[in-house]
Amino acid sequence: MEIELAHHASGVSGQVRIFASVSTIIQHLPSDLSNFLGTHSAIRIDLEEGTSQQAVDAVAENAADIGVFGGVVPRRGLKYIPYRSDRLVVLAHRDHPLSSQTSVKFADLPDYDLIGPSRGSFLDMLVIRAAAELSKPLKMPIRVNGFETVSTMVEAQMGVGLVPAGCAARYVTGGMLAAIALDEPWAVRQWNICVQDSQGLPPPVKLLLKHLTNS
């Protein structure tokens, strides 16, 4: 009880609402939040997942304190801070023609079925933009939500998928899948944080924001 009272007295208790892209929840936020809560046990985190657009909208509409998103999603009244980055790779079944290559261009993918990302996601935006520059259309027989689902579909030989390298490293351990470097500038994705652009952020939000941006 004395510890809890001390936290309250110093202004470091309370709740922080985070709305984040699924990709950052899978890759980056677990370790960052675990380290933060290990030091600030009186702060509670309410974490919700969605698209990058939803994350920015949630902060702009005061439905979240911190948004974690990818790409450029401008909204007036918000402050944007760089967070983390990742690199996309092509995930293919070991029997797929691409599996023996060390790298591929996005222009090589229309020759094969692609497991499409969920509509409205940061990855979907990148794929749509890159596909517009191709000489022939992409073949996306199915769209899924989540990289674990992508790996399952690839293992079932339904096509190839685009996943972050950190996730691919886990999926290839069974020997059924291969990860091939995607040789494109946009394969490196930047993730950002947004908050209300004001000096009046609650102390718990300020503490977590400082932790995330200094990690």
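**Figure 1. Overall view of the predicted chain.** Of the 215 residues in the chain, 47% count as buried, where buried means under 20% relative accessible area, exposed over 50% and partly exposed in between (1.4 Å probe, protein chains only). The structure is a predicted model, in which local features need a pLDDT of at least 70 and side-chain atom pairs count only at pLDDT 80 or more, whereas totals for chains, interfaces and linings use all residues. Residues are numbered from 1 along each chain as its sequence is written, and side-chain values use heavy atoms, with hydrogens and water left out. The chain holds 8 helices and 10 strands; helices (H or I, at least four residues) and strands (E, at least two) are DSSP runs, numbered from the N terminus. Along the principal axes, the C-alpha atoms fill a box of roughly 65 × 40 × 25 Å. Of the contacts in the chain with a separation of 6 or more, 79% are between residues 24 or more positions apart, a contact being heavy atoms within 4.5 Å.

Figure 2. The average pLDDT of the chain is 92, and 94% of the residues score at least 70; pLDDT is the predictor's confidence in each residue, from 0 to 100. Over residues 1-10 the pLDDT stays under 50, and the model has 6 contacts beyond four places in sequence for this segment. Where pLDDT is low, the predicted coordinates should not be read in detail.

**Figure 3. The largest pocket and its lining.** The volume of the largest pocket is about 280 Å³. Of the 23 residues that line this pocket, Val22, Ser118, Ser121, Asn145 and Gly146 are the closest to its centre. Two or more lining residues come from each of helix H2 (22-27), strand E2 (43-50), strand E6 (113-116), helix H5 (122-131), helix H6 (147-155) and strand E10 (188-196). By class, the lining has 10 nonpolar, 10 polar and 3 charged residues; Ala, Val, Leu, Ile, Met, Phe, Trp, Tyr, Cys and Pro count as nonpolar, Asp, Glu, Lys and Arg as charged, and the others, Gly among them, as polar. On a 1 Å grid over the protein atoms alone, a pocket is an open set of points where a 1.4 Å probe fits, with protein on both sides within 12 Å along at least five of seven lines, and lining residues have an atom within 4 Å of a point. Grid points are joined across faces, edges and corners, and a volume is the space filled by probe spheres set on the points.

Figure 4. A search of the whole structure finds 3 aromatic pairs; rings of Phe, Tyr and Trp (its six-membered ring) pair if their centres lie within 6.5 Å, with planes under 30 degrees apart counted as stacked, over 60 as edge-to-face and the rest as tilted. Phe69 is buried, with a relative accessible area of 2%, whereas Tyr80 is partly exposed at 35%. The ring centres of Phe122 and Trp191 are 5.1 Å apart and their planes stand at 80 degrees, so this pair is also edge-to-face. Phe122 in helix H5 and Trp191 in strand E10 are 69 residues apart, and their pair likewise links distant parts of the chain. Both Phe122 and Trp191 are buried.

**Figure 5. Val154 and Gly159.** Val154 lies in helix H6 and is buried, at 0% relative accessibility. Residues up to four places away in sequence aside, Val154 touches Leu91, Ala92, His93, Ile115, Gly159, Val160, Gly161 and Leu177. Val154 and Leu177, 23 residues apart in sequence, have their C-alpha atoms 7.7 Å apart. Gly159 is found in the loop between H6 and strand E8 (160-164) and counts as buried at 10% relative accessibility. Beyond its neighbours within four places in sequence, Gly159 is in contact with Asp113, Ile115, Met153 and Val154. The C-alpha atoms of Gly159 and Lys139 are separated by 9.4 Å, the two residues being 20 apart along the chain.

Figure 6. Asn62 is not a glycine, yet has a positive phi of about 60 degrees. Asn62 is placed in the loop between helix H4 (52-60) and E3, and counts as partly exposed at 49% relative accessibility. Gln157 also has a positive phi of about 60 degrees without being a glycine. Gln157 lies in the loop between H6 and E8 and counts as exposed, at 53% relative accessibility.
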